[in-house]
Amino acid sequence: MKQLSLFPEEDLDPRPPVTANWNLWHGCTRASAGCLHCYMYRRDEAVGRDPSVVQKTDSFDLPVRVLRSGKNKGRYKIPPGSHIYTCFSSDFFHRDADAWREEAWAMMRERSDCTFFMITKRPERIGDHLPADWGPGFEHVTIAVTCENREMADRRLPVYLALPLFHHSVMVEPMLSAVDLRPYIADYRDVSGAPILEHVSVGGESGPDARPCDYAWVLDLHTQCKENGISFYYHQTGAKLIKDGKTYNIPRPLQHSQAHKAGLDLP
């Protein structure tokens with residue numbers, strides 16, 4: 001793929017970066033307990049759509065689309081420097097998308113002027129489905145893994161942390177139990193001795209059938225990260241939060257703001 005551009009390289013794009021969503025395929029199959037109340041399943045089933053069917057979407061080539069008119073004609077529709085959330089209505093490494101993944105990598109390679117962030121519950125498929133020129137990883141691409149409980153952490157992290165990724169990030173969401181990352185922080189370190197794991201993000205479960213998240217689990221993960229210089233983000237409480245033995249039912253509009261008020265985020 002090649003950008004259609006009417007501008008010389010030195011003519012910098014004047015537009016500010018944006019945050020974009022790129023759902024290049026849609027549909028998934030449940031992989032573990034964290035998928036039980038998947039929001040994508042709820043939404044698809046509400047409109048009579050089968051959420052287990054994986055299909056390419058009309059947005060497949062979104063990152064490389066260019067403007068065909070206006071003063072920025074010829075530039076990419078998504079400006080340089082943008083952050084692109086990738087494949088959040090499926091799993092990028094789902095086997096039913098194998099036929100399309102090489103083209104997806106090619107688009108991400110072309111748009112190395114942006115950053116891409118994706119989350120998978122299938123780390124065992126990553127190694128065999130990286131592009132040939134991946135090397136130690138594409139610096140502008142983050143592949144995060146979900147570990148919603150201790151069982152999934154112990155199953156997925158030994159696979160995930162051994163992969164050649166430029167960034168290693170763990171999403172503990174929906175948080176369904178206490179998760180001990182200490183063994184993996186200790187055992188997987190780079191040549192300087194720093195943990196390979198860079199970032200941990202935590203969130204409780206939302207939705208009408210949400211399972212509870214105990215705030216003590218969140219605090220323990222926060223401590224693990226703080227002790228080891230790992231970035232930490234508590235992004236939502238979930239609908240049912242247990243704190244000091246009491247269960248709080250938190251409305252959806254307040255779940256992010258209440259988590260932020262806890263003051264647990266670490267850069």
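Which residues are buried in helix α1 (residues 39-46)? In this predicted model, Met-40, Tyr-41 and Asp-44 are the buried residues of the helix. Viewed down the axis of α1, these buried residues fall within an arc of 100°, so they line one face of the helix. The face turned away from the buried side carries Arg-43 and Ala-46, which are exposed. The cover over the buried residues of α1 includes β2 (25-26). Just after the helix, Gly-48 adopts a positive phi of about 75°.

Asp-44 also takes part in a salt bridge with Arg-49, in which the closest N and O atoms are 3.8 Å apart. Asp-44 counts as buried because its relative accessibility is 5%, whereas Arg-49, at 38%, counts as partly exposed.

Across the whole structure, 15 salt bridges were found. One of them joins Asp-13 to Arg-15, with the closest N and O atoms 2.7 Å apart; both residues are buried. Another pairs Asp-98 with Arg-125, at 2.9 Å between the closest N and O atoms. This pair links distant parts of the chain, 27 residues apart: Asp-98 lies in the loop between β4 (83-86) and α2 (101-110), and Arg-125 in the loop between β5 (115-120) and β6 (141-146). Asp-98 is partly exposed at 31% relative accessibility, while Arg-125 is buried at 10%. Together with Arg-101, Asp-98 and Arg-125 are linked in a network of salt bridges.

His-168 is located in strand β7 (residues 168-172) and, with 4% relative accessibility, counts as buried. The His-168 side chain reaches the backbone oxygen of Leu-163 at 3.3 Å. Residues touched by His-168 include Tyr-160, Leu-161, Ile-196 and His-199.

Definitions and conventions
Residues are numbered from 1 along each chain as its sequence is written. This is a predicted model: local features need pLDDT of at least 70, side-chain atom pairs count only at pLDDT 80 or more; totals for chains, interfaces and linings use all residues. Side-chain values use heavy atoms; hydrogens and water are left out. Buried means under 20% relative accessible area, exposed over 50%, partly exposed in between (1.4 Å probe, protein chains only). Helices (H or I, at least four residues) and strands (E, at least two) are DSSP runs, numbered from the N terminus. The arc is that of the directions from the helix axis to the C-beta atoms. Contact means heavy atoms within 4.5 Å. A polar contact is a pair of N or O atoms within 3.5 Å; within protein, one must be able to donate a hydrogen and the other to accept it, and residues adjacent in sequence count only if both atoms are side-chain atoms. A salt bridge is a side-chain nitrogen of Lys or Arg within 4 Å of a carboxyl oxygen of Asp or Glu. Lists of a residue's contacts leave out its neighbours within four places in sequence.
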